[in-house]
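Here are my notes on the model you sent over, written as numbered points. Have the viewer open while you read, and jump around as you like.

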Amino acid sequence: MEVKTSLLDNMIGVGDMVLLEPLSEDSFLENLKKRFDHNEIYTYIGSVVISMNPYRSLPIYSPEKVEEYRNRNFYELSPHIYALADEAYRSLRDQDKDQCILITGESGSGKTEASKLVMSYVAAVCGKGQEVNKVKEQLLQSNPVLEAFGNAKTVRNDNSSRFGKYMDIEFDFKGDPLGGVISNYLLEKSRVVKQPRGERNFHIFYQLLSGASDDTLKKLKLDRDFSKYNYLSLDSAVVNGLDDATSFRTVKNAMQIVGFMEDEIRSVLELVAAVLKLGNIEFKPESRCNDTDESRVRDKNDLKEMCELLGIEQTVLERAFSYRTVEAKLEKVSTTLNVAQAYYARDALAKNLYSRLFSWLVTRINESIKAQTKSRHKVMGVLDIYGFEIFEKADNSFEQFIINYCNEKLQQIFIELTLREEQEEYIREGIEWTNIEYFNNAVICDLIENNQNGIMAMLDEECLRPGTVTDETFLDKLNTVCAEHQHFESRLSKNSKFLNDHSLPHSCFRIQHYAGKVLYCVEGFVDKNNDLLYRDLSQAMFKATHSLMKELFPEGNPSKVNLKRPPTAGSQFKSSVGTLMKNLQTKNPNYIRCIKPNDKKAAHIFTASLVCHQVRYLGLMENVRVRRAGYAFRQPYGPCLERYKMLCKRTWPHWRGPAREGVEVLMADLQVPTEEFSYGRSKIFIRNPRTLFFLEERRRQCLQDLATLIQKIYRGWKCRTHFLLLKKSQVVVAAWYRRYAQQKKYQRIKSATTVVQSYARGWQARKLLRELKHQKRCEEAVTTIAAYWHGTQVRREYRKFFRANAGKKIYNFTIQRIMQKYFLGVKSGLPSMSPVDKNWPARPYRFLDAAHAQLRSIFHLWRCKKYRSQFSQERKAVYQEKLEASELFKDKKSLYPSSVSQPFKGDYLEISKNPKYQKLNSCVEEKVLLADVVNKINRANGKGASRILLLTKKNVVLADQKTGQVKASVALPDLISVSVSTQNDGFFALKLKEGSASAVKGDFLLSSEHLIETITKLHHIGSTASDDGEQLDINISDEFLVQFKQDKVCVKFIQAAPKNGNSASCKRKNNRLLEVSVPAATA
């Protein structure tokens, strides 16, 4: 069952200001504050949505919220911008009515975010499909592009829209988007050349310098330093919360999605760079012979770079900054420009270049997002435009004047459309229409836009007339023409109450707008309205080879010179506003009024004076009064009966007849005065909010009574159900308990019976056991007596046959039998013939220990002999060397265990077979017993040099590894000892006899990977080669002396952390010490 909800449910404050009672400015503000404090940022005025900027993210824009408001009645849920967007979309889709959504408010109130939320909601609820999704993506991605080029940081808003935007989104008959058209109004181009304190230029300048790659900036001739550009303000260059580099990448991606080509993006960035360069051009005065000043470019470097970007001849643009050509019908007059005029021309060119680029961007986006089909489309327009602006003192200028003029027109059309909507609903429902009194601001619009004596007409006339034209002459004209108007004031007008009113300066005038009085300073009105760009500059721009310049400056074409003065900025804006008003008149309007709660851009702060100011100039109180002038509340009969039917016994709980009759019965039963409501064809109209609140109060009381009744019935049902459950449970518990009790009683009886039986059986068994034991003892006693008796008889009979030494013979016989049995057991249990098999049969008797051990030793020696008899001479020699290595190094050197499993190969270089060592082999006469590569250690630095070590029966030969040349040859008798360390290294020292021929250069310190084999062979061969038969001495120590020529050097071995792998390294510490670092052996 679907639960029916309403705007009035769980309402914080009043969700619809039309229902506010009593209605006053204070109660209006109090209601806004109460809702704002509870994070309710949306409030209705009828179908108008008031949006408060929360200055923080709220969890009310999720996909679940979109689904919650989808296809729901406008007043069915709490106020939300999604409700207005859904109502507009469904009216467009289902009723074929073109819609427009007007979003207004001052800077920082959240207009841009509101327009994004509307577009994102429409994109979420409309159809799906590849083409539809592409259109939606292009429409949404047009926002980042326009924000980058049209938004800027101001003192009121970090992302303030400095232009008005109106987008028509076109839909097909199914409600799927086909495309769109964007119109822009009044870009604040003066910001390009000058920004107020605390504000920035347009975002794109900072984004380009922060986010573009170094290569891109180099091509654009730009530098990342903001301070190098006169058009960029430095006090607010960096804004908290804005990442210009990331935004630049987002803008480039959005431009690609919208449909910009790479060369178009590059052309746009070149123009942006040209504007920055243009601001750096400075001028200096130069006197001429006729005593007139002429301007000249001070530093031509920026001018040169700008001309290169745009493809303009430098001399052409330089002349355009120094001279101005005025053309009449038959003649041309060229005049020089002084420095002030040159700066004016430079800034005018910068403003026109940027504003025309922005207009080109809008046109280019429109080409990409426009609908491709030519059939009739449904249209939803979204207007995001500046709100009413009132600055302090006399800071309101030409821009604020035309902005406020636009808001006057919007207020006028709002009142007209609201009244028309009210009148159409009254007529549709058959309710008598009564005229509503309200303030009609048409008189203010006429003061501004009248073609004969309006302020804008006077300004255009003043700009076009010959002679000296200044802002003061314009103000004098206003004082002459508009002095009698009731909404115009100046120091000289008749409406000024006091001529000495110091709040109204001489250079200002005041207009009584619908939102209040605004003081305008006329300074700059004429120049800003003229918006004059010298023809010389237009023609110079047209001559540029840049792809966009001819399109941006068509008036510079020499073949199409138009001597007619271009239209003024005011007349252009007036025409645009007129077109916009005609467009809005053809559509069903929907309004979003945006309000910012404080000037600090902070959350949870509500400044009443600021909000009150915005409420006044947005005309919200006037909106409420217009809505309440007739009937404050209306509701269809069905929902009304569904909501209030419990107030009448005849309609509760179900009404069987038509809904209108049920409402009539309900209102009659409640005795509501007939003048307080009227019956329409499909709705009931309630005149005063008090009547609605009376119904809501009665409903609340009735709901409490119904809740009490429901609670009573529920509690009674719950108690009865609980009692029956307890009763049923008691029966079940009792049955289970009785069963359990009987089971326990049976178990006790059974257990007792078993115990009695066990005791009885035990007694019987013990009795039987006693009888059997007695019987067995009797039988054993009889047998024993009989055995002794028979023995005695036998001994008596055979005593004469036994000798005196019979016991010794019996003992020997027994021993022989035991030994025979033992030897047979050993024979059958002999182990295998493997010498490493340590198994041996166990000895059966302790007295055989010595014989058992001797037999085991004899068997082991015998099988070892049998095993050795199988060896060849070569293998026997290998094992002899291994045995000798064991005797030399076992438990003495850490390297020995790793060598046991490695066979002794001897000739590791295959010197007899390798042709590389053929020459070396021929130099050695004896047979080579060992050939290996060793490292000869240099005493100077401890580094090793590769040498080939050859061992024969008589000599030790060291040869160069690369050339094979013999470096040293030592006769074995000259070798007295070999020194090695105890550690896991391959170093060894060959010590020679003093005075021998081999000992001229001293001992040899070598390092080998086959140390154990090398020393073993040296020891074996050295003993046989000695003349006196003495063995070669092997010295194993971690510190020994080595004789190098005349000096003795100590070689010391230490353990250290592994370096350069796990190999030992030698390092000279001083002239008398070589230190060898050996890595610690791993477990």
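1. A quick term first: a residue is called buried when its relative accessible area is under 20%, exposed when it is over 50%, and partly exposed in between. Keep in mind too that this is a predicted model. With that cut-off, Arg162 is buried, because its relative accessibility is 10%. You'll find Arg162 in the loop that links strand S5 (160–161) to strand S6 (164–171).

2. What does Arg162 touch, once neighbours within four places in sequence are left aside? The contacts are Ser107, Gly150, Asn151, Ala152, Thr154, Leu186, Leu187, Glu188, Arg191, Phe202, Tyr386 and Glu389. Leu186, one of these partners, sits 24 residues from Arg162 along the chain, with 8.1 Å between the two C-alpha atoms.

3. Asp932 is another charged residue to look at. Its relative accessible area is 6%, so Asp932 counts as buried. Strand S20 (residues 930–937) is where Asp932 lies. Not counting residues up to four places away in sequence, Asp932 touches Tyr908, Leu909, Arg947, Ile948, Leu949, Ser1008 and His1010. From the C-alpha of Asp932 to that of Thr1014 is 8.8 Å, although 82 residues separate them along the chain.

4. Now the nonpolar cores. The largest one has 210 residues, and Phe28, Phe149 and Leu317 are the members that touch the most others. Helix H12 (residues 339–369) is the biggest contributor to this core, giving 14 residues. There is also a second, separate core of 30 residues, which includes Tyr896, Leu949, Leu1011 and Ile1034. As background, nonpolar side chains in soluble globular proteins tend to be buried together.

5. Click on Leu317 next. Apart from neighbours within four places in sequence, Leu317 is in contact with Leu303, Met306, Cys307, Ile312, Leu349, Leu537, Ala540 and Met541.

6. On to helix pairs. Two packed helices are described by the angle between their axes and the distance between the axes. For helix H3 (residues 81–95) and helix H4 (residues 111–125), the axes come within 9 Å and cross at roughly 55 degrees. That angle makes H3 oblique to H4, and the crossing is right-handed. On the H3 side the contact uses Ile81, Tyr82, Ala85, Asp86 and Tyr89, and these meet Ala114, Leu117, Val118, Tyr121, Val122 and Val125 of H4. By class, that gives 10 nonpolar residues, no polar ones and 1 charged.

7. The other pair is helix H15 (residues 455–464) with helix H16 (residues 471–481), whose axes come within 10 Å and cross at roughly 140 degrees. Ile455, Met458, Leu459, Glu461 and Glu462 of H15 make the contact with Thr473, Phe474, Lys477, Leu478 and Val481 of H16. This contact divides into 6 nonpolar, 1 polar and 3 charged residues.

8. Which residues of H16 are buried? They are Asp471, Phe474, Leu475, Lys477, Leu478 and Asn479. Among the elements covering them are H15, strand S13 (488–489), strand S14 (508–513) and helix H17 (525–530).

9. A few backbone details deserve a look. Glu21 and Pro22 are joined by a cis peptide bond, with omega about -5 degrees, and Pro22 belongs to the segment before helix H1 (25–37). Asn39 has a positive phi, near 65 degrees, despite not being glycine. Asn39 is in the loop between H1 and strand S1 (42–45), and a relative accessible area of 37% makes Asn39 partly exposed. Asn71 also has a positive phi, near 55 degrees. The loop between helix H2 (63–69) and H3 holds Asn71, which is partly exposed at 47%.

10. Last stop: His613, in helix H21 (residues 608–617). Buried, exposed or partly exposed? At 29% relative accessibility, His613 counts as partly exposed. The C-alpha of His613 is 9.9 Å from that of Ile595, 18 residues away along the chain.

Definitions and conventions: Residues numbered from 1 in each chain as written. Predicted model: local features only at pLDDT ≥ 70, side-chain atom pairs only at ≥ 80, totals over all residues. Heavy atoms only, no water. Axes fitted to C-alpha atoms, helices over the stretch in contact; angles between N-to-C directions. Helix = DSSP H or I, 4+ residues; strand = E, 2+ residues; numbered from the N terminus. Contact = heavy atoms within 4.5 Å. Core = buried A, V, L, I, M, F, W, Y, C linked by side-chain atoms within 4.5 Å. Buried < 20%, exposed > 50% of the residue type's maximum accessible area, 1.4 Å probe, protein only. Parallel < 35°, antiparallel > 145°, perpendicular 65-115°, else oblique. Left-handed = near helix turned anticlockwise from the far one by under 90°.
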